[in-house]
Amino acid sequence: MTRTLIAAALAWIVLVPASLGARQVPPGSPPSLINNPVPLTAKSIDTGRQRYQKYCRPCHGEDAHGDGPLAPKDVHPPDLTDASWTHGSSDGDIFTTIREGIGPKFTMRSWKSQMTDAEIWNIVNYLRSLAQKAGAP
Ligand code: HEC
């Protein structure tokens, strides 16, 4: 019994940090509390801008005001530069929205099969830079 416990404790000590490192985001963390691991640098913003222009512009619009030409008809993608966030306003919330999508209809789909976590964080940084230009807090 004691031996099993020790083995379990050892496995936990060895395996848990390894899995945290690999996943970046520990499973089960509340989205709001996930810290943005990518510093807000010009390089990150630029990479995020490129990904945004490729994947998000069709719906959210070139400047992220929600006026993209390919937004499905009955759907109004939100302005991503203003101060109002329906699905949470922390970096972790925005990251989770992009990574997991928004159910139940998923007109805002999940992008985790398309992008790595680091790429999604770059987009979060890009959106932050736009919001600052737009004067949102
Ligand atoms: C097919 C159109 C479409 C595409 C492409 C799309 N979105 Fe969305 N997005 C939406 C819609 C519609 C909503 C609102 C969904 C809702 O509230 O139910 C939304 C919501 C969001 C929100 C939540 C805003 C808030 O107020 O909380 C974020 C953040 C977001 N999108 C980011 C992105 C990013 C980043 C990309 C590119 C990787 C992207 N979207 C691609 C349609 C789209």
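A: The buried residues of α5 are I120, W121, N122, I123, V124, N125, Y126, L127 and L130. Here a residue is called buried if 20 or more other C-beta atoms lie within 10 Å of its own, exposed if 12 or fewer, and partly exposed in between, with C-beta atoms placed from the backbone. The model is a predicted one, in which local features need pLDDT of at least 70 and side-chain atom pairs count only at pLDDT 80 or more, while totals for chains, interfaces and linings use all residues. Residues are numbered from 1 along each chain as its sequence is written.

The helix itself spans residues 117–134. Helices (H or I, at least four residues) and strands (E, at least two) are DSSP runs, numbered from the N terminus. With 18 residues, α5 reaches 26 Å from its first C-alpha to its last, close to the 26 Å expected at 1.5 Å a residue; the expected span is 1.5 Å times one less than the number of residues. G135 follows α5 and has a positive phi, near 90°.

Of the 137 residues in the protein, 19% are buried. Two residues are taken to be in contact if their C-beta atoms, placed from the backbone, lie within 7 Å. Among contacts between residues at least 6 apart in sequence, 58% join residues at least 24 apart.

The buried residues of α5 pack against α2 and α4. A nonpolar core is a set of buried Ala, Val, Leu, Ile, Met, Phe, Trp, Tyr and Cys residues joined through C-beta atoms within 7 Å. The largest one holds 16 residues, of which F95, I120, I123, V124 and L127 touch the most other members. Two or more residues of this core come from each of α4 and α5, and α5 gives the largest share, seven residues. In soluble globular proteins, nonpolar side chains tend to be buried together.

Leaving aside residues up to four places away in sequence, F95 touches I34, I120, W121 and V124. The C-alpha atoms of F95 and N122 are separated by 9.6 Å, although the two residues are 27 apart along the chain.

The other partner, α2, covers residues 42–55, and its 14 residues reach 20 Å from the first C-alpha to the last, close to the 20 Å expected at 1.5 Å a residue. The buried residues of α2 are S44, G48 and Y52. They lie on the same side of α2 because they cover an arc of only 70° around the axis, the arc being that of the directions from the helix axis to the C-beta atoms. An α-helix has 3.6 residues a turn, so residues three or four places apart point the same way. What covers the buried residues of α2 includes α3 and α5, whereas on the other side of α2, A42, K43, Q53 and K54 are exposed.

The loop between α4 and α5 contains P104, which is joined to G103 by a cis peptide bond with omega of about 0°. F106 lies in the loop between α4 and α5 as well, and has a positive phi of about 55° although it is not a glycine. F106 counts as exposed, with 10 C-beta neighbours inside 10 Å.

The shell has 22 residues, the closest being C56, C59, T86, H87 and M108. Both α3 (57–60) and α4 (91–100) supply at least two residues of this shell. The shell divides into 17 nonpolar, five polar and no charged residues; Ala, Val, Leu, Ile, Met, Phe, Trp, Tyr, Cys and Pro count as nonpolar, Asp, Glu, Lys and Arg as charged, and the others, Gly among them, as polar.

Methods:
Near = placed C-beta within 6 Å.
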